[in-house]
Amino acid sequence: MSLFAPKEKVVHICVTDCERRIIINALKKLRDEQIRENKNYDFIETIIAKFAKADAMKGTRKSYEER
């Protein structure tokens, strides 16, 4: 039995700069909709900040398709 709660699974994705901009713009639109509807949007800003600060992956990139 562990004293600590299990960590959440971390998922890494590889995206190009263009894809990164598309994702950030989509998150901004979602945040704006949440603001208009007077809903909580703090979690979206956190995701935007993490995504914007993420470094490009260095080294070899493995590409695969999961179905």
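Which residues of α1 are buried? They are Arg-20, Ile-24, Leu-27 and Gln-34, where buried means under 20% relative accessible area, exposed over 50% and partly exposed in between (1.4 Å probe, protein chains only). The legends below refer to a predicted model, in which local features need pLDDT of at least 70 and side-chain atom pairs count only at pLDDT 80 or more, while totals for chains, interfaces and linings use all residues. Residues are numbered from 1 along each chain as its sequence is written, and side-chain values use heavy atoms, with hydrogens and water left out.

**View A. The whole chain.** The chain has two helices and zero strands; helices (H or I, at least four residues) and strands (E, at least two) are DSSP runs, numbered from the N terminus. Of the 67 residues in the chain, 12% are buried. The accessible surface is about 6900 Å², and carbon and sulfur atoms account for 55% of that area. Accessible areas come from the Shrake-Rupley method with a 1.4 Å probe; for residues, only the protein chains shown count as cover.

View B. The buried residues are Arg-20, Ile-24, Leu-27 and Gln-34. They lie on the same side of α1, because they cover an arc of only 75° around the axis, the arc being that of the directions from the helix axis to the C-beta atoms. The face turned away from this buried side carries the exposed residues Arg-21, Ile-22, Lys-29 and Arg-36. Asn-38, which follows α1, has a positive phi near 55°.

**View C. The largest nonpolar core.** This core consists of six residues: Val-15, Ile-24, Leu-27, Ile-44, Ile-48 and Phe-51. A nonpolar core is a set of buried Ala, Val, Leu, Ile, Met, Phe, Trp, Tyr and Cys residues joined through side-chain atoms within 4.5 Å. Two or more residues come from each of α1 (17-36) and α2 (42-53), and α2 gives the most, with three residues.

View D. Ile-44 is found in α2 and is buried, with a relative accessible area of 1%. Leaving out residues up to four places away in sequence, Ile-44 touches Leu-27, Leu-30, Arg-31 and Gln-34; contact means heavy atoms within 4.5 Å. The C-alpha atoms of Ile-44 and Gln-34 are separated by 9.3 Å. With neighbours within four places in sequence set aside, Ile-48 is in contact with Ile-24, Leu-27, Lys-28 and Arg-31.
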